[in-house]
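Me: Got a model open and want a quick walk through it. Can we start with the rings, then do the pockets?

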Amino acid sequence: MSEVKHDQGKEDLSLIPLSALKEEAKGFMLGEKKYGRDNFKQGMEVSRLIAAALRHIHQYMEGEYADPESGASHLGHDRCCLAMILECERLGTLVDNRHKKGSK
């Protein structure tokens, strides 16, 4: 008998490296301790999350692996920032304060 599973077209989460998921989880665990679990879901300005993500990327590019305050990977923190944007978009709680092309 052949197995039948209707999962064509569904996201294959097994493609995401476990090391990346672990670093992201560490970032969310730090956030939970500091701000409360899922606090970000109440809504955040996209510019604040992008600014934080860019700070972590730049610090990583300057040769610093871990955030001095948390001791966690800058890239893990970065993944958290981007995940929060995606989740707030999904929930409709993202405050979209981006500059839009053509606006003054």
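Me: How many aromatic pairs does a search of the whole structure find?

Reply: One. Phe 28 and Phe 40 form it, 5.8 Å centre to centre with 45° between the planes, so it is tilted. Rings of Phe, Tyr and Trp (its six-membered ring) pair if their centres lie within 6.5 Å; planes under 30 degrees apart are stacked, over 60 edge-to-face, the rest tilted. This is a predicted model: local features need pLDDT of at least 70, side-chain atom pairs count only at pLDDT 80 or more, and totals for chains, interfaces and linings use all residues. Residues are numbered from 1 along each chain as its sequence is written, and side-chain values use heavy atoms, with hydrogens and water left out.

Me: What does the pair of Phe 28 and Phe 40 tie together?

Reply: Phe 28 is in helix 1 (residues 18-35) and Phe 40 in the loop between helix 1 and strand 1 (44-45), so the pair links parts twelve residues apart in sequence. Helices (H or I, at least four residues) and strands (E, at least two) are DSSP runs, numbered from the N terminus.

Me: Is Phe 40 buried or exposed?

Reply: Buried, at 11% relative accessibility. Phe 28 is partly exposed at 29%. The cut-offs: buried is under 20% relative accessible area, exposed over 50%, partly exposed in between (1.4 Å probe, protein chains only).

Me: Which residues is Glu 87 in contact with, leaving aside neighbours within four places in sequence?

Reply: Phe 40 and Lys 41. Contact means heavy atoms within 4.5 Å. Glu 87 sits in helix 3 (residues 74-91) and is buried at 19%.

Me: Which element gives the most to the lining of the largest pocket?

Reply: Helix 1, with eight residues. The lining has 27 residues; Gly 31, Lys 34, Tyr 35, His 77 and Met 84 lie nearest the centre.

Me: And the second largest pocket, which residues line it?

Reply: Leu 21, Glu 24, Arg 79, Leu 82, Ala 83, Leu 86 and Glu 87. Helix 3 gives the most, with five residues.

Key. 1 Å grid on protein atoms, 1.4 Å probe; cavity = no way out; pocket = protein on both sides within 12 Å on 5 of 7 lines; lining within 4 Å.
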